[in-house]
Amino acid sequence: MKFSSGTLKKEWETFFGSKAQREIAVKAAVKEGYSEKWIKDLEEGKAQDGDIAALAIGALIRANK
């Protein structure tokens with residue numbers, strides 16, 4: 001992924017390096033209607049970075065419709 005902002009790139013890297021932030025994103029997605037299987041997948045290490053990013057973006061969009 002390319003970034004024009006070093007600050008946003010660092011934010012992205014911090015997000016993926018933080019177990020707590022990844023968990024927050026997945027739980028927010030489940031709260032917004034995504035399957036609870038994602039919580040289990042995250043806990044078991046099955047959820048990939050792309051999955052978690054898509055869930056985070058989807059949760060944000062659903063919450064602000």
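What covers the buried residues of H4 includes H1, H2 and H3. Buried means under 20% relative accessible area, exposed over 50%, and partly exposed in between (1.4 Å probe, protein chains only). This is a predicted model: local features need pLDDT of at least 70, side-chain atom pairs count only at pLDDT 80 or more, and totals for chains, interfaces and linings use all residues. Residues are numbered from 1 along each chain as its sequence is written, and side-chain values use heavy atoms, with hydrogens and water left out.

**Overall layout**

- The protein chain has 4 helices and 0 strands.
- Its elements run α-α-α-α from the N terminus on.
- Helices (H or I, at least four residues) and strands (E, at least two) are DSSP runs, numbered from the N terminus.
- The C-alpha trace spans about 35 × 30 × 15 Å along its principal axes.
- Of the 65 residues, 26% count as buried.
- Take the contacts between residues at least 6 apart in sequence: 51% of them join residues at least 24 apart. Contact means heavy atoms within 4.5 Å.

**Surface and charge**

- The protein chain exposes about 4900 Å². Carbon and sulfur atoms supply 54% of that area.
- Accessible areas come from the Shrake-Rupley method with a 1.4 Å probe; for residues, only the protein chains shown count as cover.
- There are 12 positive and 10 negative side chains. The centres of the two sets lie 3 Å apart.
- Lys and Arg count as positive and Asp and Glu as negative, while His and the chain ends are not counted. The place of a charge is taken as NZ of Lys, CZ of Arg, CG of Asp or CD of Glu.

**Helix H2**

- H2 covers residues 19-31, which makes 13 residues. Its first and last C-alpha atoms are 18 Å apart, close to the 18 Å expected at 1.5 Å a residue. The expected span is 1.5 Å times one less than the number of residues.
- Arg22, Ala25, Val26, Ala29 and Val30 are buried in H2.
- Seen down the axis of H2, these buried residues fall within an arc of 135°, so they line one face of the helix. The arc is that of the directions from the helix axis to the C-beta atoms.
- The face turned away from that buried side carries the exposed residues Ile24 and Lys31.
- The buried residues of H2 pack against H1 (6-17), H3 (37-43) and H4 (49-63).
- Gly33 follows H2 and has a positive phi, near 115°.

**Helix H4**

- H4 has 15 residues. From first C-alpha to last it reaches 21 Å, close to the 21 Å expected at 1.5 Å a residue.
- Ile52, Ala53, Leu55, Gly58 and Ala59 are the buried residues of H4.

**Two residues to look at**

- Glu23 lies in H2. Glu23 is partly exposed, with a relative accessible area of 34%.
- Glu23 and Trp38 are 15 residues apart along the chain, and their C-alpha atoms are separated by 9.7 Å.
- Phe3 lies in the segment before H1. Phe3 counts as partly exposed, at 31% relative accessibility.
- Leaving aside neighbours within four places in sequence, Phe3 is in contact with Leu8, Lys9 and Trp12.
- Phe3 and Phe15 are 12 residues apart along the chain, and their C-alpha atoms are separated by 15 Å.
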